[in-house]
Amino acid sequence: YPSRAACLSCHTGAAGRTLGWEVGQLNSAFVYPETGRLADQLFTLSEIGVFENPPADVAAADVYPALDLATVDVARRAETYLHVNCSMCHRPNGGGQSRADFRLGTAAAEQHVCDETPGEGDFGVAGAKLIFPGDPSKSLVSLRMHKLGAGRMPLLGSNVVDALGTDVVDRYITGLTSCP
């Protein structure tokens with residue numbers, strides 16, 4: 001188990017200390033294995049009384065797309081992935097070692113990732129950037145996601161590469177022709 005200090009490196013005050021599912025991740029259809037019924041998870045959780053303060057309008061709540069939902073633009077899926085997996089640290093006062101801000105709703109030009117020089121090493125990649133438009137092999141965001149061991153992101157709580165997540169982020173980076 002990580003130490004208290006290690007835990008607090010991700011469970012930041014800026015992110016509300018608690019890490020877990022967000023409304024947008026739960027607000028989607030789900031087939032419940034025991035019954036075979038298809039129902040919206042957020043609505044179901046609300047109906048069975050899980051929430052102390054249930055969402056007022058489930059239909060109006062955020063919906064995060066599934067990574068493999070090809071009908072949704074790859075940029076939206078990548079931005080959602082980076083928000084869910086990285087923004088607890090990579091936000092203002094979040095403790096991340098760069099100015100990167102992966103929160104959904106942060107304007108691309110204010111995320112401080114596209115064409116930004118890495119401050120924590122470049123893995124020996126000449127000309128590396130946090131996100132190098134069009135080239136995941138020169139993008140530290142991608143390289144850290146693909147790496148195991150020292151330099152890996154996320155730093156804690158992960159010991160396998162998320163194949164689908166890295167694929168979506170890499171396709172997003174490949175599709176960038178320039179920075180905003």
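Predicted model: local features only at pLDDT ≥ 70, side-chain atom pairs only at ≥ 80, totals over all residues.
Residues are numbered from 1 along each chain as its sequence is written, and side-chain values use heavy atoms, without hydrogens or water. Local features need pLDDT of at least 70 and side-chain atom pairs pLDDT 80 or more, whereas totals for chains, interfaces and linings use all residues.

Helix α6 (a DSSP run of H or I, at least four residues) covers residues 163-175 and reaches 18 Å from its first C-alpha to its last. At its start, a side-chain oxygen of D162 comes to within 3.3 Å of the backbone nitrogen of L164. Buried residues (under 20% relative accessible area, 1.4 Å probe, protein chains only) of α6 include V168, V169, Y172 and I173. The buried residues of α6 pack against α4 (74-86) and α5 (140-146), contact being heavy atoms within 4.5 Å.

A pocket is an open set of points on a 1 Å grid, where a 1.4 Å probe fits, with protein on both sides within 12 Å along at least five of seven lines; lining residues have an atom within 4 Å of a point.

| Pocket | Volume |
|---|---|
| Largest pocket | About 1200 Å³ |
| Second largest pocket | About 330 Å³ |

Of the 50 residues lining the largest pocket, N85, C86, M88, M153 and P154 are the closest to its centre. Helix α4 gives the largest share of this lining, five residues.

For the second largest pocket, Q25, Y64, P65, A66 and L67 are the closest to the centre among 17 lining residues. Here too, the largest share, five residues, comes from α4.

Note on methods
Helix = DSSP H or I, 4+ residues; strand = E, 2+ residues; numbered from the N terminus. Expected span 1.5 Å × (residues − 1). Buried < 20%, exposed > 50% of the residue type's maximum accessible area, 1.4 Å probe, protein only. Polar contact = N/O pair within 3.5 Å; in protein donor to acceptor, adjacent residues only side chain to side chain. Points joined across faces, edges and corners; volume = space filled by probe spheres on them.
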